[in-house]
Amino acid sequence: LLQLYRQIFGSLPNKHQYDVIVVGGGHAGTEAAAAAARVGAETLLVTQKIHTIGALSCNPSLGGVGKGQLVKEVDALDGLCGRAGDWAGIHFSILNRRKGPAVWGPRAQLDRERYRKFIQSELLSTPRLTVVEGSVEDLLVTEPNPEEPGHHKVTGIRLENGSDPISASSVILTTGTFLTGSLFMGQTMSPGGRIGDAPSSAGLSRTMRERLGLRIGRLRTGTPPRIVKDSVDLAQAHLHLPDSPPTPFSFLNTHTRCKPEEQLPCYLTYTTPGVERVVQESLHLNCHIQQDAKGPRYCPSIESRVLRFPGRKHQVWLEPEGVTSDLLYPQGLSMTMPPDIQLRLIREIPAMHRAEIHTPGYGVQYDFVCPTQLSPALQVKSTQGLFLAGQINGTTGYEEAAAQGLWAGVNAARWALSMPAVTLSRTESYIGVLIDDLVSRGVTEPYRMFTSRAEFRTSLRPDNADLRLTLKGFEEVGCVSSLRYQEAVRVRDSLHEALAALQSLVLSSPNWKKKLPDIHICEAKNGMDVLQYSDVSFEMLASAFPECLSPYMEFSQRLKIEAVYKRHCDLQRKEIARIQKEENMSLPQDMDYISLPVSLSNEAREILDRVRPSTLGAATRLQGITPAAIVHLLHYVQREL
Ligand code: FAD
């Protein structure tokens, strides 16, 4: 398909005017391009190499705690990564199972080649989307309109190959780690965005900094060496089996491409004092870690782990890179020392005492645009039609990139088609939390998603992303196909019926005892109450009341989760409604926010102290003030004043 596509289009677009141009075919760019086209915009994706579209630059995995929620939401909005994960996954597991289902983290180890090919074939067959190979040298922007001082307008792009400029109403930059990228290994530094790939043209960074006046910062990240599988003594590591059967990411899939028995295992091993010694001895040969740029705190290099927590043993996961790949990915061993020292280091781990390195680890430093300069639609506030998504906004991870890409794609298309911008709130999605955190708080280090960032996480569950987003995605946003919409409507209606059926099962306590003799039920009004008991499953209820409940067996797990969280979610909904109702409630101007005896973060206290909003509604609109902070404030004022 790729060859045929290249024969038809070569490296030139077939026209010179598009609604939307997406720069970069990474995780943000692919979702952005596909979403813009789904919304109805004639879209052009320009990326350095078509065959690296969908490449997994670092770990071959998708999802996890917080990140899995993002994948489910991208899928609910008809994005690509969930279905690609189901096609390419070779080891599926739900992380955090010991905690409640709201914070479960769907995750899969991926076959790199399958993932890349799936994304490429989806993009190359998307209606209204043209993909070309090329490097964007610069943006075309107009000077500010005297009537709107400070507002530039983007009008298109210029390619490095000297061809005619290409015009568009919107441009989305998703250049990842490529913006003025530099690669580090030992004491060598070379320009690059990823190993084997040149950095983005300096023109883009210069235009954003000098012409558009944007604040730009510098961040860094790194990747581990890839290890030859046959050289590892896996018997010395702990076997880690996948879930069987695997749970697909996509709401459209009932099973994954990989059959349960075809899944591959992962292995767990640990660092030794020898690893720490090698890191300490080679610090002077490691220029990446001597730089000022901030690295990812939650995915640190082995150097950072050892320096921050000396004397500890650290986990190293040995993960397969693909069904036919001869390589293992040692998660936890990202490193940037010279290659001979990398080899010495990994051989300090018993399972790798004879290991061979296929490709050494390396680090990358890159420019990012401080995201507080963006609107919640991910549009640069001072430049009409310019949108940014992904690592360029200071985030790290495929899932964070994909989520922003999709939302930037939607809004760039709507801008180009003269439709109003759409936003997602913190109370309805993790994507809303991610974007709100970025545009209202900014980043000081690479940002990644956690469930703890979402105040309303019991409502924002992986299992209900379709009900939260697919309907809105079709009815209000325009990025969801009617096929997916119809499926979501079917699910919504069936769940409503099933919940009504459960609520209609009203029995006295002795009668419940007769129906479920093994369960100790103290107080229950209806079937929904009974289903909240930890030792009652929907299957048990359905076999006790087959005529009423058996039509809904397909939704047994979802109904159980609904029952578990019902009380809490009802409460949250009421609190959100209460905040909306109390919008005009006055906040005393002399309130001592700094020492207020309520649960508020220091950041929230400082903002409230500085701004002193006059009403609760004004406080809700402050950047950096979360809905949870507002709830605490509301309770305090109603209780104490
Ligand atoms: P990318 O996936 O980087 O895609 C950018 C795309 O833009 C590329 O296809 C590139 O060719 C194209 N491009 C750039 N400039 C131009 C231009 N001027 N014209 C045309 N095309 C252009 N994430 C983690 O979560 N944990 C990690 O530990 C981690 N380590 C990493 C280590 C390394 C060395 C690298 C390179 C990345 C690492 N990542 C890590 C980050 C992860 O790869 C990114 O978060 C994710 O890929 C970001 O997606 P993106 O779409 O923003 O950018």
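Predicted model: local features only at pLDDT ≥ 70, side-chain atom pairs only at ≥ 80, totals over all residues.
Let me start with the residues of the shell around the ligand, which divide into 12 nonpolar, 25 polar and 2 charged; here Ala, Val, Leu, Ile, Met, Phe, Trp, Tyr, Cys and Pro count as nonpolar, Asp, Glu, Lys and Arg as charged, and the others, Gly among them, as polar. Residues are numbered from 1 along each chain as its sequence is written.

The shell holds 39 residues, and the closest to the ligand are G24, G26, G176, G390 and A401, where a residue is near the molecule if its C-beta atom, placed from the backbone, lies within 6 Å of it. The elements giving two or more residues to that shell are α2 (27-39), β2 (43-47), β12 (216-223) and α10 (398-416); helices (H or I, at least four residues) and strands (E, at least two) are DSSP runs, numbered from the N terminus.

Turning to helix α6, residues 202-211, we find L204, S205, T207 and M208 buried, that is, with 20 or more other C-beta atoms within 10 Å of their own, whereas 12 or fewer would be exposed and anything in between partly exposed, the C-beta atoms being placed from the backbone. These four lie on the same side of α6, because they cover an arc of only 160° around the axis, taken from the directions from the helix axis to the C-beta atoms. Their cover includes β7 (136-142), β12 and β19 (362-369), with contact meaning C-beta atoms, placed from the backbone, within 7 Å. Just after α6, G213 takes a positive phi of about 70°.

Now to the sheet: 6 strands form an open, antiparallel sheet in the order β14-β15-β16-β17-β13-β18, and two strands pair if DSSP finds at least two bridges between them. Because β14 (238-240) and β18 (357-359) stand at the edges, each with a single partner strand, one side of each is left without a neighbour in the sheet.

Which residue in β15 is the bridge partner of L239? That partner is Y267, and 3 bridges join β14 to β15 (residues 266-270). Further along, 4 bridges join β15 to β16, with Y270 opposite Q315. Strand β16 (residues 315-320) is mostly covered, 5 of its 6 residues being buried, and a hairpin joins β16 to β17 through 6 residues.

Note on methods:
Contact = placed C-beta atoms within 7 Å.
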